[in-house]
Amino acid sequence: ELSIPLLVAGVGRSRATAAQTGLLAAQRRANLRGAFSVSRDLEGLHVAIIDDVMTTGATVNALAVELARAGAESVYVWAVARSL
């Protein structure tokens with residue numbers, strides 16, 4: 001509909017993590033450290049992460065770090081819902 005390409009290949013989890021439910025924000029960040037990998041060149045691209053529910057932002061932040069390391073010029077987060 002928007003003519004925006006959907007790229008999913010080359011981005012994924014590099015290790016299993018414990019469930020985030022019940023963890024404090026600092027614990028969530030530690031749990032997700034190194035949990036994602038990007039194996040494609042994103043040099044100069046503007047990338048959006050689509051999340052169903054964003055709680056502390058730890059998951060999207062960990063993924064955004066890896067997307068930036070892969071060369072993304074900018075990383076946006078589009079969340080359907082935000083938990084307080």
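Which residues line the second largest pocket? The model examined here is predicted, so that local features need pLDDT of at least 70 and side-chain atom pairs count only at pLDDT 80 or more, while totals for chains, interfaces and linings use all residues. Residues are numbered from 1 along each chain as its sequence is written, and side-chain values use heavy atoms, with hydrogens and water left out.

A pocket is an open set of points on a 1 Å grid over the protein atoms alone, where a 1.4 Å probe fits, with protein on both sides within 12 Å along at least five of seven lines; lining residues have an atom within 4 Å of a point. The second largest pocket is lined by Arg 29, Leu 32, Arg 33, Gly 34, Ala 35, Phe 36, Ala 58, Asn 61, Ala 62, Val 65, Glu 66 and Arg 69. Its volume (the space filled by probe spheres set on the points, which are joined across faces, edges and corners) is about 160 Å³. Helices (DSSP runs of H or I, at least four residues) and strands (runs of E, at least two) are numbered from the N terminus. Both α1 (25–32) and α2 supply at least two residues of this lining, and α2 has the largest share, six residues. Six lining residues are nonpolar (Ala, Val, Leu, Ile, Met, Phe, Trp, Tyr, Cys or Pro), four are charged (Asp, Glu, Lys or Arg) and two are polar (the others, Gly among them).

The largest pocket has a volume of about 540 Å³. Pro 5, Leu 6, Leu 7, Val 47 and Ala 48 are the closest to its centre among the 17 lining residues. At least two residues of the lining come from each of β3 (46–54) and α2 (58–69), with β3 giving the most, five residues. This lining comprises 15 nonpolar residues, one polar and one charged.
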